[in-house]
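Colleague: I have a model open and would like to learn how to read it. Can we take it feature by feature?

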Amino acid sequence: MTEPQHLISIKAALQEKRMPLYHSIIRWTWRLLIGGLVAVAVLFLSINFTAIPSFRELEDPSSALASEVLGNNNEVLGRYFTENRVPVAFEDLSPHLVNALIATEDERFREHCGIDARAVGRVMFRTILLRDHSAGGGSTLTQQLAKMLYSDRNFQGMGRVEKTFALIYRKLREWITAVKLERSYTKEEILAMYLNQFNFINNAYGIHAASEVYFGKAQSDLKIEEAAMLIGMLQNPSYFNPVRFPERAMRRRWIVLYQMRNNEMLSEAQFDELKVRPLDMSRFKRVTFTDDKAPYLCSELKKDIAKILDAPECRRSDGSKYNIYKDGLKIYTTIDPVYQQHAEEAMQEHMKKLQSRFFQVWRGRDPWTNRSGGASAEEIENRKASLMALLREGDRYQAIRPKYLDAVSDRVLKRYDFELRDVDIERMLEEDRKPGAIGKALANGIATPDQAAAYRSIMRGAEWPEIKNQYRALQVAIKKVYETKTRMKVFAWNNPRLEKDTVMSPLDSLRYHRMFLQSGIMAVDPTTSEIKAWVGGINFKYFQFDHVRTDRQVGSTFKPFVYATAVSQQSISPCFQVYDQPVTIPARYQNFTNVTDWTPKDASGNYTGLRMTLKEALKNSVNSISTYLMKQMGDTEPVRGLCHNMGIDSSAKRPDGQYRIPKQPAICLGASDLTVFEMTGAYATFANKGMYGQPFVIKRIEDKNGRTIYRSLPEEHIALPPNANYVMLDMLKYNVSGAPGINTLKSEVGGKTGTTSNQSDGWFMGVTPRLVVGTWVGGEDRWIRFFTLNDGQGARMARPIFAGFISRLEKDAKSGYDFNARFVRPPGDLGIDTNCANYSQGDAAPTQDEEDFFPDIYNDELNEDGTIPGKTKKPDDSFGDQLEGGNR
């Protein structure tokens, strides 16, 4: 049927009317298409010429250089290396590794040019369109190698759109790099670079180190199943860590072997035989820095260097950060290797004797159940809980845990979006036993509101019975493992190598090592604020926790700050006399904030009633006199302010929100947890005419080309007036006059001992004109302590280390230590009377220097075998043998 003429005319008119619109659409379509192509081309060119890394970093092993920590004589103290890394050429690679890598990560590796079009298409269709996340990734080995060049895949803080564009940009950059890699290198070179570049964790960088760390052998000697396990880690080394998650690693190894069979690299018979072989990690050994000459310092220094390199002014010209592990930096320090060696030797000599004495007094007692010192039942439970926490951190526990808890933990994660930890299970079990425990934990800040809500949801869920059963089964299995005796090496003072072979259960090994007293020592030149020696513990191989920057209660070493405040603000004479009698600071007296009356006692619990000078009171650490001075000030702020001026930040708070220097009068007795670093810096003020300088250890940092990227700028400020400071020096010298070990030194010496409640901490702060040394001794746990003041005071535990250190420096002509230097009295009249002859004699005769007015009736030195001089009975130091089954 023919269409009417008038309709044809109408359509023709409409078509003619729309033609300009059609032409416009066509023009804009072409513009957008061409513009898009141009934009993509510009983006590709921009990335290609501005954002592609140098291939030399991958190809040349020398581009991944270890950074060196150097002493003040340029002697190497330690190294930071990633790269515990030894590159392996392709021709030297184990064929098992090559086959496993290609079969698992990139089957068409030898066919594509860096980008696998088929894999990209699969990802686009199945993963993106069909949401099938089991379809696998689309990255080739070459793309993965390109990705390793970048450490900026950090999308934190980005919005969804920004994150998407950033991801696309980075992906394009990786594609271009991959293509350039394929054009520049052979397939074999790319394979070798990939395996050399990968971080297998546990300080194993590259396949050479990974083979040594995990299997104790060269990569060329790896068995097929060992090569398969290492290649399996490539997907996610932390998740498939064979040390912590052996079952996961086994499952992943099975996949690698399966892929090798599918690609005809293994026969069916080989696959069936290899897939059931156990995972042998008996030769696993982490790489440590125990060979460094100052391992504790080097370990702590990493934190400081990381902050320095994060600063904009300490970055490369292009704004990128330096990498301490591969950029070949030179870190020049103030550490004197001679001082460092003498400090360590003095520590070892004394700690060996002290530990022998310690084992003697603890024989037949269990630190985790002993109630000496009035320990409550709750405290005993906390000790046991801390021991269990240490067990859970161990490799044995981490290796067994997945078998019991991984499956149910995965279900909890999916259902509640909550990652289940042992501590969470313990809290829920406590709620089962004592309803209201979760609420108490929430009120005390132990658990967060989100955690408490998750606990309650999980306990109402179907998984809770299984969680309880599996967790209890885990504890039974762990108990069996940790109580089974096995051959091992343990730390021992009585062996030249400081370790010995023995048979011991892992639990007893843990308890044995926690029973060793530790030490923290720092030596500072007060005239320059340079740190000359840093000893963070007794042996870095077995005890890697640093005690120089660890908070410990300072005891009577804090009292000189109280006396210095009184002397400087009130011009009070050290000869001023006060009675040793009860002193009470009433609740909210003047500007104090204590809510109850406070009347401290001395260690003996009694008062002598004697009249004594301030210098005698400080020497004997008489608590009532320190309290008297604090009460006269009417406020804690004068003392806190002086501490702040001496480098101890009075505004700093602990994790629980309390001030590190509490706003309570009890600080006059040392009720504050501070570090050896802070205390040594503060005491250096006394030796530097009242001037405080922040102690520093890094002089400068240079890049591998010798360009200085950081230089320290020491600053000083007045903390104490010179006259008051000299008075304090005189009092500190009086403190140690006649003290054993110090009375034979040639140096002019002042100092103060410190002992905390129950003898948990022993301190000695020693000052000389050219060196100030802070020394702390105590247990990792505060219940690891001596029972009596005779053994546990600072004069017995810490002062001998100082005396031995200074004595060694004085005898070593090559040390450069100036023992002839003397403290300089300020010119003119001090304005403070230091001549005690002008005062009537007090009732108390001068006594020996001991803690808390405890008479010094014995020498504070110990014999080589740990006996007390003048006593013939040899100590029974077999505490360790009890745990070891008598093996020495």
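This is a predicted model: local features need pLDDT of at least 70, side-chain atom pairs count only at pLDDT 80 or more; totals for chains, interfaces and linings use all residues.

Colleague: What is C836 joined to?

Modeller: The general idea comes first. A disulfide is a covalent bond between the sulfur atoms of two cysteines. Here, C836 is joined to C575, with an S to S distance of 2.0 Å. A search of the whole structure finds one disulfide.

Colleague: Where in the chain do C575 and C836 sit?

Modeller: The pair links distant parts of the chain, 261 residues apart. C575 lies in the loop between helix 21 (559–570) and strand 9 (577–579). C836 lies in the loop between helix 29 (799–811) and helix 30 (879–884).

Colleague: Is the disulfide of C575 and C836 left-handed or right-handed, and why?

Modeller: Read the torsion about the S-S bond. For C575 and C836 it is about -85 degrees, so the disulfide is left-handed.

Colleague: Is C575 buried or exposed?

Modeller: C575 is buried, at 0% relative accessible area. C668 counts as buried at 0% relative accessibility. C314 also counts as buried, at 5%.

Colleague: Which residues is R514 in contact with, leaving aside neighbours within four places in sequence?

Modeller: R514 contacts W368, L390, E780, D781 and I784.

Colleague: How many helices and strands are there in the protein?

Modeller: The protein has 30 helices and 18 strands. It has 888 residues, and 52% of them count as buried. Take contacts with a separation of 6 or more: residues 24 or more positions apart account for 72% of them.

Colleague: What does the pLDDT average over the protein?

Modeller: The average is 85, and 83% of the residues score at least 70. Over residues 127–136 the pLDDT is below 50, and that stretch has 14 contacts beyond near neighbours in sequence. Residues 845–864 also stay under 50. The model has 77 contacts for residues 845–864 beyond four places in sequence.

Methods: Residues are numbered from 1 along each chain as its sequence is written. Side-chain values use heavy atoms; hydrogens and water are left out. A disulfide is a pair of cysteine sulfur atoms within 2.5 Å. Helices (H or I, at least four residues) and strands (E, at least two) are DSSP runs, numbered from the N terminus. Buried means under 20% relative accessible area, exposed over 50%, partly exposed in between (1.4 Å probe, protein chains only). Contact means heavy atoms within 4.5 Å. pLDDT is the predictor's confidence in each residue, from 0 to 100.
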